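I opened the notebook to look up a few things one by one. The entries follow in the order in which I made them.

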Amino acid sequence: MSAATTRSRTPDRLCAEAVDLARAAAEEAAAPSVVGEHVSVISEGDRVVTHFFECKDPGYRGWRWAVTVTRASRAKNVTLDETVLLPGSDALLAPEWVPWSERLRPGDMGPGDLLPTDAEDLRLEPGWSGEDAPPPNSAVSAEMAELVEAEDADVTDRAVVPVRGSITSVAEELGMRRARVLSRYGLHTAADRWDESFGSKTPMAQAAPASCVSCGFLVAIGGSLGQAFGVCANEFGPADGRLVSLSYGCGGHSEAAVMPKPLRPAPPVLDSMASDEFPLRPTPDTGSVPSTDLPAADLGHS
């Protein structure tokens, strides 16, 4: 180890003794009540020393006031270099800044929010335009740019209808005649995300009596994703209106528990062709009422 290195690690005596000068500089930068006790002193180099003072501000727990002092060679006068507030080993720090594209989570968007996509987004790839040059109504068309710059421009949203039977018309029917479409990477990431929410490894699917591929509430979708996914149309199921894997399942399977039709009583039979006798007095042989011979009552008036 050289002598220069030894001198740089050993604090200069005059600079190390300038505690009052360092405290006065810290109190001038902050406030007397915020600067606490002298914590430590370290050597920054030849005749350069930094004094650390405790910070009593409640919002900066664990931070320290760092005051650097120095002196010229062969000089006894110590001068102030700089005063800063630095975090200590146990300081309360703000979390590391994360770009908005990485902080965004599903469900964060609200009405009126715009979510821009990167021009080199791996989830997208160029669609089918039908020709090398942009169409006349394209935003990048030279003719459209000249019309916009003209004072008497009459720009309208004109749609170019492809010729029936052409490749462009077929691409439009397939949904490919867009500026960008999903790439293979975008399809795979979407499938993995949907399978994680409503796939065969979920607890609901593990306890299901059958999978969605045999459920009558499954609505089939087109495209390549239709081979592995569908839309649930059971309003009482946990995935109603969601894209579910064909291997997913729940207790609302259409064939899990088929309820039999309830038994209905037979309709009453009414005989409207005959009449039933309703005696006003009980018959003598029933025994319900004792038989007594009573004189006929005179219903007339005296």
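A disulfide is a pair of cysteine sulfur atoms within 2.5 Å. With that cut-off I looked for disulfides and found zero. I noted that this is a predicted model, in which local features need pLDDT of at least 70 and side-chain atom pairs count only at pLDDT 80 or more, while totals for chains, interfaces and linings use all residues. Residues are numbered from 1 along each chain as its sequence is written, and side-chain values use heavy atoms, with hydrogens and water left out.

**Cysteines**

I took Cys215 next. The closest cysteine sulfur to that of Cys215 belongs to Cys212, 6.0 Å away, which is too far for a bond. Is Cys215 buried or exposed? Cys215 has 15% relative accessibility, so I wrote it down as buried. Cys55, at 8%, is buried as well.

**Cavity**

On a 1 Å grid over the protein atoms alone, a cavity is a set of points where a 1.4 Å probe fits but cannot get out; a pocket is an open set with protein on both sides within 12 Å along at least five of seven lines; lining residues have an atom within 4 Å of a point. Points are joined across faces, edges and corners, and a volume is the space filled by probe spheres set on them. I found one cavity of 30 Å³ or more. The largest cavity holds about 110 Å³. Its lining has 15 residues, and nearest the centre lie Cys212, Cys215, Phe217, Cys232 and Cys250. For classes, I counted Ala, Val, Leu, Ile, Met, Phe, Trp, Tyr, Cys and Pro as nonpolar, Asp, Glu, Lys and Arg as charged, and the others, Gly among them, as polar. The cavity lining came out as eleven nonpolar, four polar and no charged residues.

The largest pocket has about 760 Å³ of space. I listed 21 lining residues, with Ser101, Leu104, Leu115, Asp121 and Arg123 closest to the centre. Ten of the lining residues are nonpolar, five polar and six charged. Which helix gives the most to this lining? Helices (H or I, at least four residues) and strands (E, at least two) are DSSP runs, numbered from the N terminus. Helix 7 gives the most, with five residues. Helix 4 (100-103) and helix 7 (184-197) each supply at least two.

**Sheet**

Two strands pair if DSSP finds at least two bridges between them. I found an open sheet of three strands in the order 7-8-9, with antiparallel pairing. Strand 8 (residues 229-232) meets strand 9 over three antiparallel bridges.

**Positive phi**

Last, I checked two arginines. Arg47 is not a glycine, yet its phi is positive, about 60 degrees. Arg47 sits in the loop between strand 1 (35-45) and strand 2 (48-55), and at 29% relative accessibility it is partly exposed. Arg74 also has a positive phi, near 65 degrees. Arg74 is in the loop between strand 3 (63-70) and strand 4 (79-87), and at 84% it is exposed.

Definitions and conventions: Buried means under 20% relative accessible area, exposed over 50%, partly exposed in between (1.4 Å probe, protein chains only).
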